[in-house]
Amino acid sequence: KKYTNFIEYNNYKLIYRRYAGLFFTIAVDVQDNELSYLETIHLFVELLDAYFSNVCELDIVFNFNKVYSILDEFMLAGEVEETSKREILDRVKFLEKME
């Protein structure tokens, strides 16, 4: 059998990646580059892993507000805003101190 991480659905392309028991999926335009979005998913998982120290599904479920905070610093309006893990995590920690 052949497997792929890309599925075309209506006017979108679903790109997903599995990490242990977690699936991360993103819907993009059909013309967008699939590999760049696989890297985007990978960087997001690395950010979560660095923040939560070996992320698991319970971290995401019980700290979804922190996950959204990391995602907000990483992406803006569906486009990658920042690619530096250190910069993103520093901003998230700074925002936590302000709360």
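Which residues touch the most other members of the largest nonpolar core? In this predicted model, local features need pLDDT of at least 70 and side-chain atom pairs count only at pLDDT 80 or more, while totals for chains, interfaces and linings use all residues. Numbering runs from 1 along each chain as its sequence is written, and side-chain values rest on heavy atoms, with hydrogens and water left out.

The answer is Phe24, Leu48 and Ile70, out of 24 residues in that core. A nonpolar core here is a set of buried Ala, Val, Leu, Ile, Met, Phe, Trp, Tyr and Cys residues joined through side-chain atoms within 4.5 Å; buried means under 20% relative accessible area, exposed over 50%, and partly exposed in between, with a 1.4 Å probe and protein chains only. At least two core residues each come from β2 (12–19), β3 (22–29), α1, α3 (64–74) and α4 (85–98). Helix α1 gives the largest share, 10 residues. Helices (H or I, at least four residues) and strands (E, at least two) are DSSP runs, numbered from the N terminus.

Now to α1 itself. Spanning residues 34–52, this helix has 19 residues and reaches 27 Å from its first C-alpha to its last, close to the 27 Å expected at 1.5 Å a residue (the expected span being 1.5 Å times one less than the number of residues). Its buried residues include Ile41, Phe44, Val45, Leu47 and Leu48. At the start of α1, a side-chain oxygen of Asn33 comes to within 3.0 Å of the backbone nitrogen of Leu35. Just past the other end, Ser53 takes a positive phi of about 55 degrees.

Then there are the rings. The whole structure holds 6 aromatic pairs, meaning Phe, Tyr or Trp rings (the six-membered one for Trp) with centres within 6.5 Å; planes under 30 degrees apart are stacked, over 60 edge-to-face, and the rest tilted. Phe44 and Phe74 are stacked, because their centres sit 6.3 Å apart and their planes lie at 5 degrees. This pair links distant parts of the chain, Phe44 in α1 and Phe74 in α3, 30 residues apart. Phe44 is buried at 12% relative accessible area, and Phe74 is buried at 1%. Phe64 and Tyr68 instead pair edge-to-face, at 6.4 Å centre to centre and 85 degrees between planes.

Technical notes. Polar contact = N/O pair within 3.5 Å; in protein donor to acceptor, adjacent residues only side chain to side chain.
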